[in-house]
Amino acid sequence: MKYLIKKMTKMHCARGPKRCKICEEYSKELKFALLDVAPEEHLEAARPMIEIEIDGEKVFQVYDVIAFFNSLEEAESYANQKMISYEILFQEYP
Ligand SMILES: [Zn+2]
């Protein structure tokens, strides 16, 4: 599994919603993110991590956000157009 669609808020910077206006705006709105959970190695140390379940086992994985979408349909149609096979991370849904 390499790609995931996950419902999450957009991230802006490390200051977070309490100290940054843009982060605060972003934190109000859930988007559907298409994530690459097996990105190629980069030299930068600080990369966002996500907890995902693979075969019933919870693992932490670095990821890249490919794009954010307003709906699951948009995310799926983008992935389908790009011939990306993905999984939807249902356990994160409210
Ligand atoms: Zn910010």
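**The sheet and its surroundings**

Analyst: Happy to! Of the contacts in the protein with a separation of 6 or more, 60% are accounted for by residues 24 or more positions apart (a contact means C-beta atoms, placed from the backbone, within 7 Å). This is a predicted model, where local features need pLDDT of at least 70, side-chain atom pairs count only at pLDDT 80 or more, and totals for chains, interfaces and linings use all residues. Residues are numbered from 1 along each chain as its sequence is written.

The protein has two helices and six strands, in the sequence pattern β-α-β-β-β-β-α-β. These are DSSP runs numbered from the N terminus: helices are H or I with at least four residues, strands E with at least two.

Four strands form an open sheet in the order 5-2-1-6, with mixed pairing (two strands pair if DSSP finds at least two bridges between them). Strand 5 (64–69) and strand 6 (86–88) are the edge strands, each pairing on one side only. From one strand to the next, the twist averages 35°; axes are lines fitted to C-alpha atoms, for helices over the stretch in contact, and angles run from 0 to 180 degrees between N-to-C directions.

Within strand 6, Ile 88 is the bridge partner of Ile 5.

Note on methods. Contact = placed C-beta atoms within 7 Å.
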